[in-house]
Amino acid sequence: QYTSFVLVTCSATLTTCFRSSLLPPPLRLRTRLPQIIIIGVRKGGTRALIEMLSLHSSVAAAQNEVHFFDWESHYQKGIPWYLSQMPYAYPDQLTVEKTPAYFTSGKVPKRIYDMNPDIKLLLILRDPTERVLSDYTQVFYNRLQKHKRYQPIEYVLVKDGDINLGYKALNRSLYYVHMQNWLQYFPMDSIHVVDGDELIRDPLPEMKRVERFLKLAPQINASNFYFNKTKGFYCLRDHGKERCLHDSKGRAHPHVAPAILQKLYKFFHEPNQKFFQMVGRTFNWK
Ligand SMILES: *[C@@H]1O[C@H](CO)[C@@H](O)[C@H](O)[C@H]1NC(C)=O
Ligand SMILES: *[C@@H]1O[C@H](CO)[C@@H](O)[C@H](O)[C@H]1NC(C)=O
Ligand SMILES: *[C@@H]1O[C@H](CO)[C@@H](O)[C@H](O)[C@H]1NC(C)=O
């Protein structure tokens, strides 16, 4: 009976498996709805954030994107189903899931509020222009892999000489539009914005801020990160085990004509100012 429990817990991550084999079972249970949700944004660095957060011993992270609040077919299954998607956790651990599409889905804030109005939300954002290019790049590679046709980036970004407002990826970068929906249900005290550009450039200070916001014991430290020169990114060290994020996470963006880039920067200037005002903080976006 005990053996089988240990086996089940080992199917989570290697670290937790290692820990659980040291402690008498059954301690880790799937009985905790998330106290933290990473709500987005798509291509903002949500994978990096959840991986870095799970370095903390008080956090247990769901492996997959759950899409509970945004997909009707999942939401209809109810809270018991949602619970079944959560990771095994010790009683003193917080559980966290990330679904980047939550941020831009209008119906999600109310649904999360109805589950737990005191939940802590993490939102990781990067320069909105960079985010659009990254969004395009992901779709481009997905279509390439499926041998489907794709449009060059100039065609989707610009229509009749103007920024193409019909391009969904642009809309996802209008952060203030989506933030309004969240602020109807949650105070800024419940939402922490992580600077995704900074998290990639220098992860430790951003993660210390996240620890403070979540009122976690300060634990993540410099030895959890090391710079991989080949990748040009930081990788993680977790209980002596080293791991880097998937290669698709650092893909080069397509070349975009400088004139179009300038148009994009200009386009986002005002929306960015609105967002800064809304959250009472500025970001170093172009
Ligand atoms: C962007 O998306 C929001 C939410 O889905 C929608 O209300 C808004 O009209 C869209 N804006 C543009 C310019 O497409
Ligand atoms: C960082 O944290 C690890 C694990 O908690 C600990 O063993 C190590 O001594 C810490 N290193 C520093 C520089 O504080
Ligand atoms: C550094 O990155 C390269 C390229 O992705 C990878 O092959 C290598 O294993 C990494 N090295 C370490 C120590 O993480």
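Helices (H or I, at least four residues) and strands (E, at least two) are DSSP runs, numbered from the N terminus.

The structure before you is a predicted model, in which local features need pLDDT of at least 70 and side-chain atom pairs count only at pLDDT 80 or more, while totals for chains, interfaces and linings use all residues. Residues are numbered from 1 along each chain as its sequence is written, and chains are lettered from A and ligands numbered from 1 in the order in which they are written.

I turn to confidence. The pLDDT is the predictor's confidence in each residue, from 0 to 100. Its mean for the protein is 89, and 89% of the residues reach 70 or more. Residues 1-21, however, have a pLDDT below 50, and this stretch has 21 contacts in the model beyond near neighbours in sequence. Two residues are in contact if their C-beta atoms, placed from the backbone, lie within 7 Å.

Next, the helix pair. Helix α10 (residues 175-183) packs against helix α13 (residues 258-279) at about 25 degrees, and the axes are 8 Å apart. The two are therefore roughly parallel to each other, a term that covers angles under 35 degrees. On the α10 side the contact is made by Tyr175, Tyr176, Met179 and Leu183, and on the α13 side by Pro271, Lys274, Phe275, Met278 and Val279. By class, this contact has eight nonpolar, no polar and one charged residues. Here Ala, Val, Leu, Ile, Met, Phe, Trp, Tyr, Cys and Pro count as nonpolar, Asp, Glu, Lys and Arg as charged, and the others, Gly among them, as polar.

Finally, the sheet. Five strands form an open sheet in the order β2-β3-β1-β4-β7, with parallel pairing; strands pair if DSSP finds at least two bridges between them. Strands β2 (59-61) and β7 (191-195) stand at the edges with a single partner each, so one side of each lacks a neighbour in the sheet. The twist averages 25 degrees from one strand to the next.

Strand β4 (residues 120-125) pairs with β7 over five bridges, and β1 (residues 36-40) pairs with β4 over four. Leucine 123 stands opposite valine 193 in β7, and isoleucine 37 opposite leucine 121 in β4. Six of the six residues of β4 are buried, that is, with 20 or more other C-beta atoms within 10 Å of their own, C-beta atoms being placed from the backbone. Lys120, Leu122 and Ile124 lie on one side, and Leu121, Leu123 and Leu125 on the other.

Terms used
Axes fitted to C-alpha atoms, helices over the stretch in contact; angles between N-to-C directions. Parallel < 35°, antiparallel > 145°, perpendicular 65-115°, else oblique. Buried ≥ 20, exposed ≤ 12 C-beta atoms within 10 Å, placed from the backbone.
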